[in-house]
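Let's take a walk through a protein chain together. Have your viewer ready, and follow along from one element to the next.

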Amino acid sequence: MERYRRLNIKLTPQRLAILKHLEGNKAHPSADEIYKSVKKKYPTMSFATIYNTLEALKEKGNIRELKIDPAKKRYDPDMSPHHHIICTKCSSIFDVYKDFDIRLPEETAGGFKVSGKNIEFFGTCRKCK
Ligand SMILES: [Zn+2]
Ligand SMILES: [Zn+2]
């Protein structure tokens, strides 16, 4: 509870429910999945509340929005540096905790000072294989 206060967003019971659902969530859920799950406990919850809360959390740097799934945006509460792998059959997303030593050669970086990278892998998960 205390640590949520530091998020700088207004904490309504509904927003708290969304935060609790995301905490430690490794499934990289979509807004729709969060909506379906939180709605069970908060039947008055609207999809707009979910979406607006996710946007606010993203803006404050509390969650990451993933674009690895072409079908829908997915959300990740884990802000530690990591990469992702997605199953092209069931769209499960798993974390990849490894620092890959990839450097952009200067001539391809377009004058950028590179500050980070985000690698997306895809394949078939253990269940779908
Ligand atoms: Zn799969
Ligand atoms: Zn992740």
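The tour starts with the overall layout, then visits the helices and ends at the sheet.

This is a predicted model, in which local features need pLDDT of at least 70, side-chain atom pairs count only at pLDDT 80 or more, and totals for chains, interfaces and linings use all residues. Residues are numbered from 1 along each chain as its sequence is written, while chains are lettered from A and ligands numbered from 1 in the order in which they are written.

The chain holds four helices and five strands; here helices (H or I, at least four residues) and strands (E, at least two) are DSSP runs, numbered from the N terminus. Read from the N terminus, the order is α-α-α-α-β-β-β-β-β. Along the principal axes, the C-alpha atoms fill a box of roughly 55 × 40 × 25 Å. Of the 129 residues, 16% count as buried. A residue is called buried if 20 or more other C-beta atoms lie within 10 Å of its own, exposed if 12 or fewer, and partly exposed in between, with C-beta atoms placed from the backbone. Two residues are in contact if their C-beta atoms, placed from the backbone, lie within 7 Å. Among contacts between residues at least 6 apart in sequence, 50% join residues at least 24 apart.

Now to the helices. Which residues have the most contacts inside the largest nonpolar core? They are Ile18, Leu22, Ile34, Val38, Ile50, Leu54 and Ile63, in a core of 13 residues. Such a core is a set of buried Ala, Val, Leu, Ile, Met, Phe, Trp, Tyr and Cys residues joined through C-beta atoms within 7 Å. The elements giving two or more residues to this core are α2 (13-22), α3 (31-41) and α4 (47-59), and α2 gives the most, with four residues. In soluble globular proteins, nonpolar side chains tend to be buried together.

Look at α2 next: its buried residues are Ala17, Ile18, Leu19 and Leu22. Leaving aside residues up to four places away in sequence, Leu22 touches Ile63, Tyr75 and Pro77. Just after α2, Gly24 takes a positive phi of about 70°.

In α3, the buried residues include Ile34, Tyr35 and Val38. Seen down the axis of α3, its buried residues fall within an arc of 100° (the arc of the directions from the helix axis to the C-beta atoms), so they line one face of the helix. Among the elements covering them are α2 and α4.

Finally, the sheet. Three strands form an open, mixed sheet in the order β4-β3-β5, where two strands pair if DSSP finds at least two bridges between them. At the edges stand β4 (93-96) and β5 (120-123), each with a single partner strand, so one side of each is left without a neighbour in the sheet. From one strand to the next, the twist averages 25°, with axes as lines fitted to C-alpha atoms (for helices over the stretch in contact) and angles running from 0 to 180 degrees between N-to-C directions.

Strand β3 (residues 83-87) pairs with β5 in the parallel sense over four bridges, and with β4 in the antiparallel sense, also over four bridges. Ile85 has Phe121 as its bridge partner in β5. The covered face of β3 carries His84 and Ile86, whereas the uncovered one carries His83, Ile85 and Cys87. In the hairpin of β3 and β4, five residues lie between the strands, and Ser91 takes a positive phi near 65°.
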